[in-house]
2 protein chains.
Amino acid sequence: MRVKPSDPILSCLTCAKGSHSIFSLLDNEQLEELNIHKSCTTFKKGQLIFAENALPLGLFCINNGKIKLSTAGPDGKEQILRLVKGGDILGYRSLLANDRYHCNAVALEDSSVCVIDKSFFMSLAMSNQTLCLALFKKISDDLKTAEEHIVSLSQKNVRERVAEALLFLKATYGFEADGQTINVQLSREELADLVGTSTESTIRLLSEFNTSKLIELAGKKIKITHLEKLTKTANLLY
Amino acid sequence: MRVKPSDPILSCLTCAKGSHSIFSLLDNEQLEELNIHKSCTTFKKGQLIFAENALPLGLFCINNGKIKLSTAGPDGKEQILRLVKGGDILGYRSLLANDRYHCNAVALEDSSVCVIDKSFFMSLAMSNQTLCLALFKKISDDLKTAEEHIVSLSQKNVRERVAEALLFLKATYGFEADGQTINVQLSREELADLVGTSTESTIRLLSEFNTSKLIELAGKKIKITHLEKLTKTANLLY
DNA sequence: ACCGGAACATGATTTTTATCATGTTTCTCA
DNA sequence: TGAGAAACATGATAAAAATCATGTTCCGGT
């Protein structure tokens, strides 16, 4: 988690503009100020960005890359709780709650990340009503998503949940240029850790979806070839 | 959800003092102000306080009683997502996210509830840093709890989850005067809807816990007679 | 390029849990 | 207070999913 000063300095002004970042709400002057209170760093695929139980020292702001938030269950099996992408903030829950991290953050691919000074961020959030509301919105949405996940885990079978997870990945990271391939590559085990099932069951269901032409598999790349059927298979509420 | 003006007016000053309420942070002047912007009402056991998809008109503040927040899964089965008690606020997520309710709130017993005007509450929250931070803390804690629930559903078997649910009820509502009986009465079906399992499995496991002297059953009352063993059975992380 | 480990895949088996069936108890309210 | 309904209980069965076993493919590092 050390900050390497050699990393290229990203400007908050260019980074926040046009992105869905929570900081796109700030004006140029505020972004300049923000720029002073951050440092930039990069993480290689597989690298730990922060660890469960650590105290947050700042807010992570993802310039680009993909990150998973996960935690180990009582028997050591991993559970993926959230997925993060460029423009997202990371580690904000612990910061706002004045709490320790309750998940590990691991880079799913090489990622470029800024760290905003904790007390600067907190005073900015408290002094800027728009930002404050955006943070409430963000955490509220995450809570809603988590509670929808609870319902899904309680009431859906593994087939439905695997289909749902693929749609979730699509919703989070979108498609590649071909408009069909999900723009993130997880191992079967990671997908299982997201779905909350065994790796074998995940593999079997992916094969099944492949056979029944809902998806096409090419290594870790998953192409959704029949979105409508896949949505039906997921038995979505909405 | 109608407010009956005939209900006795509860004073925010007496209500907030000494409680764990988020409003115990306010000074007397602010509480007086709050008092003006609220109305009081009561709900009978089983009554709907608000419904999924409705727009929030205010913040509910529980004077006393017990309330469940639940939602129906894709096949109509209910999932209990949160439990609320006297001193708690209710419906705050939707308010802060400017969103519709995503669960139903139903009184588990006769409850006395105040409703605080939406825009008054929002401007109070935005103008009072302490309150604002307390709200961040509250929603962060709820998110953490939800994510722990996700891990539990993914990785624990039904036996562990039933044991965990009993400990959760104890943590939420405490014991009756005897120091052993969980201070809330849920039907077996409601307990199943909290655990995320079938009613039959819940009944079977309660019977098993009863036989192995972890608990004692008397109607809907559940007495925890061997907290340590029950905790072990729950296979808790911490 | 090739060695070795990790990831992927699939079949067989076992375990867990839901569902179905049926009977009993408890509660509600006319 | 007694009839009917709802809740509780438990056994039998079926379905779902995990686990175990084994083989194959892929991939990174020397």
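Q: Which helix gives the most to the surface near DNA strand D?
A: H8(B) does, with five residues. This is a predicted model, in which local features need pLDDT of at least 70 and side-chain atom pairs count only at pLDDT 80 or more, while totals for chains, interfaces and linings use all residues. Residues are numbered from 1 along each chain as its sequence is written, and chains are lettered from A and ligands numbered from 1 in the order in which they are written.

Q: How do you know which residues near DNA strand D are nonpolar, polar or charged?
A: Ala, Val, Leu, Ile, Met, Phe, Trp, Tyr, Cys and Pro count as nonpolar, Asp, Glu, Lys and Arg as charged, and the others, Gly among them, as polar. Sorted that way, the surface near DNA strand D has four nonpolar, seven polar and seven charged residues.

Q: Which residues come nearest to DNA strand C?
A: Out of 18 residues around DNA strand C, those are Ser187(A), Arg188(A), Ser207(A), Asn157(B) and Ser201(B). Helix H7 (188–195) and helix H8 (199–211) of chain A give two or more residues each, as do helix H6 (158–173) and helix H8 (199–211) of chain B. H8(A) gives the most to this surface, with five residues. By class, the surface near DNA strand C has four nonpolar, seven polar and seven charged residues.

Q: Which residues make the contact of H6(A) with H9(A)?
A: H6(A) brings Arg159(A), Glu160(A), Ala163(A), Glu164(A), Leu166(A) and Leu167(A), and H9(A) brings Leu230(A), Thr231(A), Thr233(A) and Ala234(A). Being in contact means that the C-beta atoms of two residues, placed from the backbone, lie within 7 Å. These residues divide into five nonpolar, two polar and three charged.

Q: What makes H6(A) roughly perpendicular to H8(A)?
A: The axes of H6(A) and H8(A) come within 10 Å and cross at roughly 75°. That angle puts the pair in the perpendicular class, so H6(A) is roughly perpendicular to H8(A). Val158(A), Arg159(A) and Val162(A) of H6(A) make the contact with Ser201(A), Thr202(A) and Leu205(A) of H8(A).

Q: Why is H6(B) called roughly perpendicular to H8(B)?
A: Over in chain B, the axes of H6(B) and H8(B) come within 10 Å and cross at roughly 75°. Because of that angle, H6(B) counts as roughly perpendicular to H8(B). Here Val158(B), Arg159(B) and Val162(B) meet Ser201(B), Thr202(B) and Leu205(B).

Q: How is chain A divided into domains?
A: There is domain 1 (12–152) and domain 2 (156–234), with bounds that come from an automatic or database domain assignment. Their C-alpha centres lie 26 Å apart. The contact between them takes nine residues from domain 1 and 10 residues from domain 2 of chain A. On the domain 1 side, strand E4 (66–72) and strand E5 (78–85) each supply at least two residues, and E5(A) gives the most, with five.

Q: How many residues does each chain give to the contact of chain A with chain B?
A: Chain A gives 35 residues and chain B gives 35 residues. On the chain A side, E5, helix H3 (92–97) and helix H5 (129–155) each give two or more. H5(A) has the largest share, 18 residues.

How values were computed:
Helices (H or I, at least four residues) and strands (E, at least two) are DSSP runs, numbered from the N terminus. A residue is near a molecule or strand if its C-beta atom, placed from the backbone, lies within 6 Å of it. Axes are lines fitted to C-alpha atoms, for helices over the stretch in contact, and angles run from 0 to 180 degrees between N-to-C directions. Angles under 35 degrees count as roughly parallel, over 145 as roughly antiparallel, 65 to 115 as roughly perpendicular and the rest as oblique.
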